[in-house]
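Colleague: I'd like to learn how to read a model like this one. Could you take me through it?

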Amino acid sequence: MMVRIPSVSMALLLAVMDLYSPMPAVAQCRLCVTPSTGPEAETAPPVKLDVETNLDFDRLVLGGSGSGSAVLAPDGSRSTSGAIMTLGGRAMVGTVIVHGEPGRAVRVSLPGAITLYGPTGSEVRIDSIRSDLPSLPRIGSNGSLSFRFGGELHVSGGADGNFRGDFQVDVDYL
Amino acid sequence: MDKFTRTLSLLGAGAAFVVAAPALAAPPSTTAVVASPAATARAQIVDPLTLTKTSDLDFGTLVKKTTLGAAETVVIDESGVVTCTTNLLCSGTPTAASFDVAGSADQVVKVYIAASTLTAPGGATLTFTPSSSAVTTSPVLDGSGNASFKVAGSIDVASTTASGIYVGNMDVTVDYN
């Protein structure tokens with residue numbers, strides 16, 4: 001009789017462990033080891049980004065000396081308003097690829113606005129920069145995350161010519 | 001029974017600790033903010049193009065000789081010179097068509113010219129074929145945004161071509177390259 005009771009308790013004990021424990025059934029000192037739920041910083045591959053395509057509004061025909069704007073959305077759709085008559089067919093959204101630790105959450109910072117400079121020192125501005133990143137971006141299981149971004153270009157004063165502006169995209173692990 | 005109860009409560013504490021652990025134990029991010037290599041945004045802003053005709057195309061007068069049989073190709077070049085053929089007599093004041101195009105400075109413009117049909121009062125038609133150089137011309141707008149170009153081409157005249165004054169419209173379109 002005395003022999004039987006411990007075996008019943010044992011069975012019950014094991015059953016309870018399955019119910020409660022997300023940990024493997026190996027004896028562990030839970031109070032002294034930090035369970036790792038994410039990789040430690042020292043062993044994670046560094047995060048980096050490549051800009052695959054630059055944001056390019058191609059050619060815009062500006063009628064008259066009025067002002068206008070053109071929008072290139074991250075999904076590639078486009079629209080124009082005001083004195084901008086047409087937007088070239090080769091207009092392209094920017095695309096960026098982030099490389100890093102698979103599954104890791106990242107924070108990406110796009111510029112709030114980009115100023116483009118023209119031949120005679122004139123300027124045009126791209127703002128409302130938006131991307132198609134989800135609200136909590138994570139690097140994919142293949143170690144990369146790619147996204148597209150676009151913005152709204154504002155033109156005024158009858159400026160014409162080739163305009164260019166430099167900017168950077170920042171990323172860090174969360 | 002006593003032993004069993006104690007073991008249970010230890011397990012309970014362990015489970016709670018595991019849930020809390022990530023917030024306490026996750027190492028703070030030590031990776032620096034990484035910036036991309038410089039990226040460039042671009043836009044090209046141009047004025048709308050305008051196209052103005054400054055001269056019509058005119059082959060002048062072509063007289064069929066009695067020896068004319070199968071169709072002969074009469075060519076007019078960009079300076080308005082007609083190359084007459086063996087069995088035709090060419091006279092009059094031929095001119096090539098010419099156009100002025102205006103837009104933004106230093107831009108390259110493409111010109112599209114389609115073949116056109118010339119019609120005589122009796123309904124007879126002739127086809128005007130623009131020259132290969134006319135269809136490949138790519139004028140470059142100068143520093144003030146202006147350029148001009150001429151259109152040359154050819155028509156075929158045979159003994160069966162009816163006499164008359166043949167007139168037609170030429171469709172010319174320009175666009176930035």
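Modeller: We will go through confidence, then the sheets, then the pocket.

Colleague: What should I know before I start?

Modeller: This is a predicted model, where local features need pLDDT of at least 70, side-chain atom pairs count only at pLDDT 80 or more, and totals for chains, interfaces and linings use all residues. Residues are numbered from 1 along each chain as its sequence is written, chains are lettered from A and ligands numbered from 1 in the order in which they are written, and side-chain values use heavy atoms, with hydrogens and water left out.

Colleague: What is the mean pLDDT of chain A, and what is that of chain B?

Modeller: The pLDDT is the predictor's confidence in each residue, from 0 to 100. Chain A has a mean of 81, with 75% of its residues at 70 or more. For chain B the mean is 84, and 82% of its residues reach 70 or more. The model scores ipTM 0.70 and pTM 0.64.

Colleague: Where is pLDDT under 50 in chain A, and where is it below 50 in chain B?

Modeller: Where pLDDT is low, the predicted coordinates should not be read in detail. In chain B, residues 1-26 are below 50, and this stretch has 19 contacts (heavy atoms within 4.5 Å) beyond near neighbours in sequence. In chain A, pLDDT stays under 50 over residues 2-18, which have 8 contacts beyond four places in sequence.

Colleague: Now the sheets. Which strands pair with β10(A)?

Modeller: Strands are DSSP runs (E, at least two residues), numbered from the N terminus, and two of them pair if DSSP finds at least two bridges between them. β10(A), residues 144-155, is antiparallel to β3(A), residues 68-72, over 5 bridges; here A70(A) is partnered by L153(A). β6(A), residues 94-99, also pairs with β10(A) in the antiparallel sense, over 6 bridges, and V96(A) has F147(A) as its partner.

Colleague: What is the order of the open sheet of 3 strands in chain B, and why is one side of β3 and of β12 left without a neighbour?

Modeller: The order is β3-β8-β12, with antiparallel pairing. β3(B) and β12(B), residues 146-151, are at the edges with a single partner strand each, so one side of each has no neighbour in the sheet. Neighbouring strands of this sheet are turned by 25° against each other on average, direction ignored (axes are lines fitted to C-alpha atoms). β8(B) and β12(B) share 6 bridges, and D100(B) is bridged to S148(B).

Colleague: Which are the edge strands of the open sheet of 5 strands?

Modeller: That sheet runs β6-β5-β13-β11-β10 in chain B, with antiparallel pairing. Its edge strands are β6 (82-83) and β10 of chain B, each pairing on one side only. Inside the order, β5(B), residues 72-76, meets β13(B) over 5 antiparallel bridges, and T73(B) has D156(B) as its bridge partner.

Colleague: Lastly, how many residues line the largest pocket?

Modeller: On a 1 Å grid over the protein atoms alone, a pocket is an open set of points where a 1.4 Å probe fits, with protein on both sides within 12 Å along at least five of seven lines; lining residues have an atom within 4 Å of a point. Here 28 residues line the largest pocket, and D58(B), F59(B), L118(B), Y166(B) and V167(B) lie nearest its centre. β4(B) gives the largest share of the lining, 3 residues.

Notes: Helices (H or I, at least four residues) and strands (E, at least two) are DSSP runs, numbered from the N terminus. Axes are lines fitted to C-alpha atoms, for helices over the stretch in contact, and angles run from 0 to 180 degrees between N-to-C directions.
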